[in-house]
Amino acid sequence: METLKDFWAFMNSRKKFWLLPALLLLFCLSALLVFSSGSAVAPFIYTIF
Amino acid sequence: MTKILGISAFYHDSAAAIIEDGQVLYAAQEERFTRKKNDSSFPINAIRFILKESKIDFEEIEAVAFYDKPFLKFERLLETYHTFAPKGLKSFLSAMPVWVKEKIFMKRLIRESLSEFADKNVIKKTKIFFPEHHLSHAASAFYPSPFNEAAILTIDGVGEWATTAISHGRDKKIKVLSEIHFPHSLGLLYSAFTYYCGFKVNSGEYKLMGLAPYGNPDSEETKNYIASIKAELIDIRKDGSFSLNMKFFNYATGLEMCVLKEWEKLFNLPKRTSEGKINQSYMNLALAIQVVTEEVVLKLAQTAKELTNSKYLVLAGGVALNCVANGKLLQKKIFDDIWIQPAAGDSGGSLGAALACYHIAMDKPRIENNDQADLMRGSYLGPSYDDHEVERYLKKFGAKFQKFEKFDQLTDVVSEKISKGNVVGWFQGRLEWGPRALGNRSILGDSRFPDMQKKLNLKIKYREGFRPFAPSVLEEDRNEYFDLEKDSPYMLLVSPVKGKRRTEEPKDYSGYALYDRLYHLRSDVPAITHIDYSARVQTVSQKTNKRYWKLIKAYKEKTGFGLLVNTSFNVRGEPIVCSPMDAYLCFMRTEMDYLVIGNYYLEKVNQPVLKDQVDWKNAFALD
């Protein structure tokens with residue numbers, strides 16, 4: 001809940017509300033990925049994410 | 001008393017630092033405890049050390065500061081993928097689970113990770129701040145510096161959006177004046193060349209910098225490489241701002257640094273494989289990117305001067321570890337003086353985050369700094385071990401040792417051994433903060449011996465033969481050996497070796513094969529004189545490291561030379577040793593001759609065979 005509040009405050013301050021539907025879609029998509037792959041493994045060559 | 005815990009984690013080089021009323025108390029990198037180079041995991045061991053050493057209960061901590069803003073980074077990721085879509089799907093699918101499962105809930109992740117230190121309710125009530133990545137770097141450079149007012153230049157791979165920032169620090173305020181945003185990044189450009197030349201990204205940059213002087217500045221190939229880089233890869237403007245041609249780079253959406261096909265076409269050179277032969281073309285390419293990097297850094301510094309009109313410059317971010325560029329910056333005299341955070345990379349972000357939280361978010365004043373010294377206490381901020389602990393470790397291995405009651409007697413013996421060409425592991429006091437060993441976790445040798453560089457690289461460090469070694473010189477003897485205008489306590493400035501020390505350069509020197517050039521006697525201190533007659537200098541002060549200073553002084557009394565070869569106490573791929581146990585194991589597994597831990601002195605020939613030998617050469621992944 002705290003994360004959602006914080007994220008809402010972040011979107012408000014950045015005025016980037018287009019992130020909300022993208023985020024919802026991502027959660028659905030990524031939940032599938034997370035549950036199907038077991039664990040989220042960080043990458044790779046230069047950790048830019 | 002306001003105590004703040006700073007944390008950097010989850011990307012590379014995790015670390016923790018604690019400050020009290022703006023004073024730096026302790027700081028350490030997680031890799032030193034876990035023995036995993038550039039460890040990115042939550043710095044739980046570093047925090048345990050910090051709380052134990054400072055005798056601070058977690059309840060006393062006013063706030064925790066994390067070194068970047070996760071949401072802003074997430075915004076950058078989404079916008080980047082959106083911009084490049086449908087390219088980058090594979091990278092997107094790799095990144096998103098990490099974010100959705102963990103990183104977007106960073107506050108919760110931090111609280112859970114801290115749960116062993118206090119009751120759940122205490123942890124929940126503790127405020128967590130998220131200063132921006134480049135603000136954390138800027139704060140790590142400005143607040144501990146000796147200056148009340150300074151221009152601040154931070155350059156790295158990437159934080160949230162910013163990859164480069166010019167800021168202005170005055171008293172407790174930092175004002176960001178100008179930024180360059182992802183994907184345009186000088187750090188990532190340098191890393192792309194590191195990758196292309198066959199070294200590991202985010203740790204091999206140092207090797208690329210060490211390889212550059214082997215490049216031939218007069219060759220057509222080098223000139224063509226520089227021209228190609230500036231024509232195709234990076235557009236550098238007069239003010240030092242730049243943009244990269246993303247046709248050549250794959251890091252924004254792919255899982256490697258560059259588009260190999262394009263690079264091979266541009267440079268007419270295949271990517272070097274890891275451990276592959278280093279031919280002259282790779283050396284010329286390393287020199288070319290070093291020259292371009294220096295050009296950008298110098299132009300950015302000039303712009304910082306124009307924007308701030310400050311006398312002083314402070315630097316941080318991974319690119320600030322490029323001590324060759326730093327040396328050129330100093331020589332250019334754009335500023336009266338410069339200061340560089342010793343942990344300029346992401347580990348230093350933990351300290352910067354804590355300082356930004358204290359001075360900016362909490363609006364607290366800076367410490368009065370009347371003696372013009374910086375606040376890093378020589379960067380000796382990590383764990384130390386008392387005699388009881390040292391003996392316990394040594395007895396565990398059945399080690400044969402001698403304890404010197406008088407330190408002067410010890411330095412007399414050790415300096416004698418060094419002057420005879422022996423290699424000594426030197427372990428004293430607190431572990432260094434940052435990537436350089438500064439005489440507390442160092443391997444030492446005699447710089448006068450022509451084969452010392454080869455011996456240290458191949459028999460002690462087990463690393464590439466071309467890599468140079470740095471000198472530790474008595475602060476007061478700096479000008480005897482180097483054309484260096486200021487002290488360099490953190491080994492972050494490269495300077496020319498004095499002309500009077502050099503031997504004459506052969507006519508076709510730059511045309512010699514790599515190892516012929518390397519083994520040519522260049523000066524009366526050959527082991528620390530790099531191929532281009534430069535040295536990465538550490539000046540040693542009585543004030544910050546009396547024991548190390550005394551050792552070099554004792555050596556000088558015997559030889560007339562006030563400097564030693566100093567390399568970090570580790571083998572290739574291993575983090576710098578932290579405990580006496582790490583030191584003893586490293587000592588026994590290499591061809592080091594003597595080991596000194598505090599006042600304890602050990603000779604290799606007297607030691608029992610190390611039991612339970614592991615295949616230690618494979619114990620650390622090559623860097």
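Which residue of chain A forms a salt bridge with B:Glu75? The partner is A:Lys16, and the closest N and O atoms of the two are 2.8 Å apart. Keep in mind as you look around that this is a predicted model.

**A bridge between chains**

This pair crosses from one chain to the other: B:Glu75 sits in helix 3 (residues 70-84) of chain B, while A:Lys16 belongs to the loop between helix 1 and helix 2 of chain A. Are these two residues buried or exposed? Both B:Glu75 and A:Lys16 are buried.

Now look at A:Phe17, which is found in the loop between helix 1 (2-14) and helix 2 (19-37) of chain A. A:Phe17 has a relative accessibility of 36%, so it counts as partly exposed. Together with A:Trp8, A:Leu20 and A:Leu24, A:Phe17 makes up a nonpolar patch on the surface, and the accessible area of the four comes to about 390 Å².

Over all chains, the count of salt bridges is 43.

| B:Glu116 | B:Arg48 | 2.7 Å |

Start with B:Glu116 and B:Arg48, which form a salt bridge. This pair links distant parts of the chain, 68 residues apart: B:Glu116 is in the loop between helix 5 (106-113) and helix 6 (120-125) of chain B, and B:Arg48 is in helix 2 (residues 44-54) of chain B. B:Glu116 counts as partly exposed because its relative accessible area is 45%, and B:Arg48 is partly exposed as well, at 37% relative accessibility.

B:Asp363 lies in the loop between helix 14 (346-361) and helix 15 (387-396) of chain B, and B:Lys172 lies in the loop between strand 7 (162-170) and strand 8 (173-181) of chain B, so their bridge ties together parts that are 191 residues apart in sequence. B:Asp363 has 40% relative accessibility, which makes it partly exposed. B:Lys172 is partly exposed too, with a relative accessible area of 22%.

Some salt bridges share partners, and in this way B:Lys207, B:Glu275, B:Glu464, B:Arg467, B:Arg572 and B:Asp623 are joined into one network.

Why does B:Ser140 count as buried? Buried means under 20% relative accessible area, and B:Ser140 is buried because its value is 0%. You'll find B:Ser140 in helix 7 (residues 133-142) of chain B. A polar atom of its side chain is 2.7 Å from the backbone oxygen of B:His137. Setting aside neighbours within four places in sequence, B:Ser140 touches B:Ala316, B:Trp339, B:Gln341, B:Gly348 and B:Gly352.

B:Ser94 is in helix 4 (residues 89-101) of chain B. With a relative accessible area of 24%, B:Ser94 is partly exposed. The side chain of B:Ser94 reaches the backbone oxygen of B:Lys90 at 3.0 Å.

**How chain B is divided**

Chain B splits into domain 1 (3-143 + 344-375), domain 2 (145-340) and domain 3 (387-618). How many residues of domain 1 are in contact with domain 3 of chain B? There are 19 of them, in contact with 15 residues of domain 3. The centres of domain 1 and domain 3 of chain B, taken over C-alpha atoms, are separated by 32 Å.

Key. Residues numbered from 1 in each chain as written. Chains lettered and ligands numbered in written order. Predicted model: local features only at pLDDT ≥ 70, side-chain atom pairs only at ≥ 80, totals over all residues. Heavy atoms only, no water. Helix = DSSP H or I, 4+ residues; strand = E, 2+ residues; numbered from the N terminus. Buried < 20%, exposed > 50% of the residue type's maximum accessible area, 1.4 Å probe, protein only. Polar contact = N/O pair within 3.5 Å; in protein donor to acceptor, adjacent residues only side chain to side chain. Contact = heavy atoms within 4.5 Å. Patch = residues over 30% accessible without salt bridge, like charges linked within 9 Å, V, L, I, M, F, W, Y side chains within 5 Å. Areas by Shrake-Rupley, 256 points an atom, 1.4 Å probe, with all protein chains shown as cover. Salt bridge = Lys/Arg side-chain N within 4 Å of Asp/Glu carboxyl O. Domains from an automatic or database assignment.
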